Amino acid sequence: MRVALLSGGVGGARFARGLQSVLEPGDLTVIGNVGDDVEVLGLHVSPDLDSIIYALAGLHDEERGWGRAGESWKALESAGAWGGENWFRLGDLDIGLHLVRTQALRAGEPLSAVTERLADAAGLATRIVPATDDRLRTTVVTPAGSFGFQEWFVGRGHRDEVDDVRFEGAESARAAPRVLHAIQDADAILIAPSNPYVSIHPILAVREIRDAVASRTVRCVAVSPLVGGRAVKGPADRMLSRMAGGTTSRHVAERYQALIDALVIDESDAAAEAGVATVVTRTLMTDLEAAARLAGVTLEAAR
Ligand code: GDP
Ligand code: CA
């Protein structure tokens, strides 16, 4: 069963790992968000793509939820001591990947090609593709002003409420090579339990991708990132409350209007009417086994 998964970072990576473990090798293509990408200390960082690579390769730090296991922070400490920027947490092992990516991008290699090489180097059969090779950046509009995604998320600890989300560059962005084929060739399209506003919408902001999902001939199933009306981690629940008016399954489903055939929700959210077919299960991915079980239920809903 060939699957195309739209994914953000942490929640997406956890789910992708579960999917990879139940599918045949090579049957999964993960289409990752690049709206969070940021230049730090001259390095091009793609946090969501990296979370996916690390999780699928088993290199991730399970407890922290992002970055690599066994990480150390000497390079960043040194940069800070020399007066360099150190607001964005970059570990030593992580920096190695950013060096390779940045060099390739400077030499003119597209992001999708570098990402493919990185996934190969990690020994992955799963394909990981950025939504676009073009520059697409998420901006959040808050009462305190507009901020680049990481400036708001990391720099300001995502404390400001969000009134609107914009995707700079989305209008002219083309889907990266393989993205449209992965969607059109899939037996099922899945949307990970990622933040709809800042992880999935920036992917769907690429017109060709949205159109490919909208004109699908197979089922598209999303997994809700909420458990009991609350985000497991991060600001998704606060964003839904403020911008959509609530945190029920219906509020999540409406973020994917006309794009999904079913929504997988947690048992604790089963009471409310979602306005779309729902599949009720336990959605908390406490370990690989739980993620694999959730992946299995989601695939079943997509048949
Ligand atoms: P980011 O790019 O690192 O912010 O990650 P994502 O957008 O992919 O994932 C963040 C979302 O994942 C949050 O809204 C969480 O609620 C959700 N999430 C994290 N772990 C789980 C889990 O175990 N189950 C479910 N259902 N959602 C989760
Ligand atoms: Ca992200």
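Which residues line the second largest pocket?

## The second largest pocket

In this predicted model, the lining of the second largest pocket consists of Val 34, Asp 37, Glu 39, His 44, Leu 105, Leu 111, Thr 132, Asp 133, Asp 134, Arg 135 and Arg 137. By class, 6 of these residues are charged, 3 are nonpolar and 2 are polar. The pocket holds about 150 Å³ of space.

## The largest pocket

The largest pocket contains about 960 Å³ of space. It is lined by 42 residues, and those closest to its centre are Gly 9, Val 10, Trp 66, Phe 153 and Lys 233. The lining divides into 19 nonpolar, 16 polar and 7 charged residues.

Several helices contribute to this lining: helix 1 (10–22), helix 2, helix 4 (92–106), helix 6 (149–155) and helix 8 (196–204) each provide at least two residues. Helix 2 supplies the largest share, with 5 residues.

Asp 237 is located in helix 10 (residues 236–244). This residue counts as buried because its relative accessible area is 11%, and the cut-off is under 20%.

The side chain of Asp 237 forms a polar contact of 3.2 Å with the side chain of Arg 230. Leaving aside residues up to four places away in sequence, Asp 237 touches Leu 226, Gly 229, Arg 230, Ala 231 and Thr 247.

Technical notes: Residues numbered from 1 in each chain as written. Chains lettered and ligands numbered in written order. Predicted model: local features only at pLDDT ≥ 70, side-chain atom pairs only at ≥ 80, totals over all residues. Heavy atoms only, no water. Helix = DSSP H or I, 4+ residues; strand = E, 2+ residues; numbered from the N terminus. Buried < 20%, exposed > 50% of the residue type's maximum accessible area, 1.4 Å probe, protein only. Polar contact = N/O pair within 3.5 Å; in protein donor to acceptor, adjacent residues only side chain to side chain. Contact = heavy atoms within 4.5 Å. 1 Å grid on protein atoms, 1.4 Å probe; cavity = no way out; pocket = protein on both sides within 12 Å on 5 of 7 lines; lining within 4 Å. Points joined across faces, edges and corners; volume = space filled by probe spheres on them. Nonpolar A, V, L, I, M, F, W, Y, C, P; charged D, E, K, R; others polar.
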